[in-house]
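Let's take a walk through this structure together.

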Amino acid sequence: MKNERLLGAAAGVVSAGLGLGLSTLASSWLQQRASPIVAVSESILRLTPGAVDEAVISVAGHNDKPLLLGLTLLGTAVLSAVVGVLAVRSLLAAQAAFVAFGVVVGLAVHARLSGSQSTYFPAVIGTVAGLVALTVLVRRLADADVDEPGLETAYAVAGGGGRTSSRRQFLVWGSGVAVLAVAAGVGGTVLGRGRAAVEAARRGLRLPVRSRPAPPGVRVGVPGVSPWVTSQTRLYRVDTTLAVPQILPADWRLRVHGMVGRPLELSYQDLLDRGLDDAWITLCCVSNPVGGPLIGNALWSGVRLADVLADARPHPSADAVKSTSADGWTSGTPLRALTDGRNAMLALAANGQPLTPEHGFPVRMIVPGLYGYVSATKWVVDLEVTQFGNFSAFWTERGWSPLGPVKTESRIDVPRNGDTLHAGQVPIAGVAWAQHRGIAKVEVRIGSGPWQVARLAADPTIDSWRQWVLQWDATPGTHEIQVRATDDTGYTQTGQLADVIPDGATGWHSIEVQVA
Ligand SMILES: Nc1nc2c(c(=O)[nH]1)N[C@H]1C(S)=C(S)[C@@H](COP(=O)(O)O)O[C@H]1N2
Ligand SMILES: [Mo]
């Protein structure tokens, strides 16, 4: 019996190990900034009180990260051993525990990395592999018991019989899983070395940038409204890359060429030498549906593209800049939008921190007023001054409009669609955006009632979104709530529904709530 617990514990540990190993391999293959185990230990660091962190740092000095990682691995081993022991009694309960591990890992990844389709893949593959290994191994253990029940002593003395062969099978499978786990873990770590080097370089950067607090008055102060500043980890992520490009700042070069009087080649240091400006800019995606989440606002720091282009002296007949990323993605931007005085920039940082690899480290473009697909090239390495007639970019080849000015839009953040509310005073609040034109007015309509003018928060720049709120005296029943915005040119958002393709969705965001 005691032996069985031990084997159960071993089954738990090697199964969890396989899950961890494969998830590490997968995250390295996807070039994610942090493997799931690193994400978990970073989250633990975040959640532990500062005093504990300081104690750890004072003991371990600069080796606090490896120590933390070691402790996380140890904790995982202990927990999975316990689950393995449990598995001998109830496989289902143990499987549930493994799924719970997977959820915890998923949450940690969610907290530490910017999400995209592939972000959760390592956590999922790790959980599935761990579950399968645990199930197979524990079944082998159970077989060993069923084969010759009650012959424990005979088996122990004689060392033979079907029970022994099942147990031997368990050991063979168990060692197989253990070897795979170690191979995947080591392989993943080796494969992830490039990523680790870039991460170390990124952390070592001391950029002359500030993280400024949000300007005064930009918040309506209603819980549930999207924060005015979006952190890099919370910023939506859209790109076509499977493996995030890993570029050391020292290796980065930007070529500026094409229809120019003076071609340039700039290094990261060249950008720093030019001095960095910053600006609040709201970035959004053309494929954001009405009411959708693909939008965020940050303080971007970088070099103004107008200055770089001025040095390159574009030919007067040029009307476009084709930008290319390290992974070959392309984008076409009107030259005018880069030179007309707006804060179009080569960004090195967001919210006072170097860009994360997912958001374009070391350098990306950011242009107020244009959708990302025609302007916000991440990992940018090439700018060709040209004419729209001479090329088509990645998304324009696929049916999207060559020009992508952001459409005037608005979104209800609170209440949420489907909420049940109490009758009485209820704030209806959200965000509206019309980058580089500015929001002049937001109106809300309850059912078929009149459009009511919402209160707008402060608007320190026309390049960022603007919060709004309307106090509503909610009466019992089911209500539809709609919102529409008017921009500073006087244009009011159309209620006409349009799909995201080819140049952005239109229509009023509409939700339904129950008032009890
Ligand atoms: N290299 C590269 N840059 C890219 C893309 C891409 O697929 N590859 N997608 C663009 C699109 S469609 C958008 S909306 C923005 C999204 O930027 P984010 O992921 O930092 O939020 O990046 C743009 N830059
Ligand atoms: Mo996009």
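A cavity, in the sense used here, is a set of grid points where a 1.4 Å probe fits but cannot get out. By that rule, the count comes to 1 cavity of 30 Å³ or more. Keep in mind as we go that this is a predicted model.

Let's begin with the overall picture. The chain contains 12 helices and 19 strands, and its C-alpha atoms fill a box of roughly 90 × 65 × 50 Å along the principal axes. Of the 516 residues in the chain, 51% are buried. If you look at contacts with a sequence separation of 6 or more, 76% of them are between residues 24 or more positions apart.

The largest cavity holds about 90 Å³. Its lining includes Cys284, Cys285 and Val286, along with Tyr371, Trp433 and Gly504. The lining also takes in Asn288, Pro289 and Val290, as well as Lys407, Glu409 and Ala505.

An open set of points counts as a pocket instead, and here the largest pocket has a volume of about 1000 Å³. Its lining is made up of 36 residues, and those nearest the centre are Ser35, Ile37, Val38, Leu69 and Thr189. Two or more lining residues come from each of α1 (2-29), α2 (36-47), α4 (64-89), α8 (162-191) and α9. Among the elements, α4 gives the most to this lining, with 8 residues.

Moving on along the chain, we come to a sheet. Strands of a sheet pair through backbone hydrogen bonds, either parallel or antiparallel. In this open sheet, 5 strands follow the order β2-β1-β10-β5-β6, with mixed pairing. The edges belong to β2 (264-267) and β6 (330-334); each has a single partner strand, so one side of each is left without a neighbour in the sheet. From one strand to the next, the twist averages 20°. Within the sheet, β5 (residues 320-325) and β10 (residues 380-386) run antiparallel and are joined by 6 bridges. To find the pairing in your viewer, look for Lys322, which stands opposite Glu384 in β10. Helix α11 (residues 305-312) packs on this sheet, where it touches β1, β2, β5 and β10, and its direction makes about 140° with that of β2.

Two individual residues are worth a stop. Ser226 sits in the loop between α9 (193-204) and β1 (253-258). Is Ser226 buried or exposed? Its relative accessibility is 14%, and the limit for buried is under 20%, so Ser226 counts as buried. The side chain of Ser226 makes a polar contact of 2.7 Å with the side chain of Arg411. Beyond its neighbours within four places in sequence, Ser226 is in contact with Arg411, Asp413, Trp465 and Gln467.

Our last stop is Leu470, in strand β17 (residues 466-474). With a relative accessibility of 8%, Leu470 counts as buried too. Which residues does Leu470 touch, not counting those up to four places away in sequence? They are Val426, Pro427, Ile428, Val444, Gln452, Val453 and Ala454. As for Leu456, it lies 14 residues from Leu470 in sequence, with 9.0 Å between the two C-alpha atoms.

Key
Residues are numbered from 1 along each chain as its sequence is written. Chains are lettered from A and ligands numbered from 1 in the order in which they are written. This is a predicted model: local features need pLDDT of at least 70, side-chain atom pairs count only at pLDDT 80 or more; totals for chains, interfaces and linings use all residues. Side-chain values use heavy atoms; hydrogens and water are left out. Helices (H or I, at least four residues) and strands (E, at least two) are DSSP runs, numbered from the N terminus. Buried means under 20% relative accessible area, exposed over 50%, partly exposed in between (1.4 Å probe, protein chains only). A polar contact is a pair of N or O atoms within 3.5 Å; within protein, one must be able to donate a hydrogen and the other to accept it, and residues adjacent in sequence count only if both atoms are side-chain atoms. Contact means heavy atoms within 4.5 Å. Two strands pair if DSSP finds at least two bridges between them. Axes are lines fitted to C-alpha atoms, for helices over the stretch in contact, and angles run from 0 to 180 degrees between N-to-C directions. On a 1 Å grid over the protein atoms alone, a cavity is a set of points where a 1.4 Å probe fits but cannot get out, and a pocket is an open set with protein on both sides within 12 Å along at least five of seven lines; lining residues have an atom within 4 Å of a point. Grid points are joined across faces, edges and corners, and a volume is the space filled by probe spheres set on the points.
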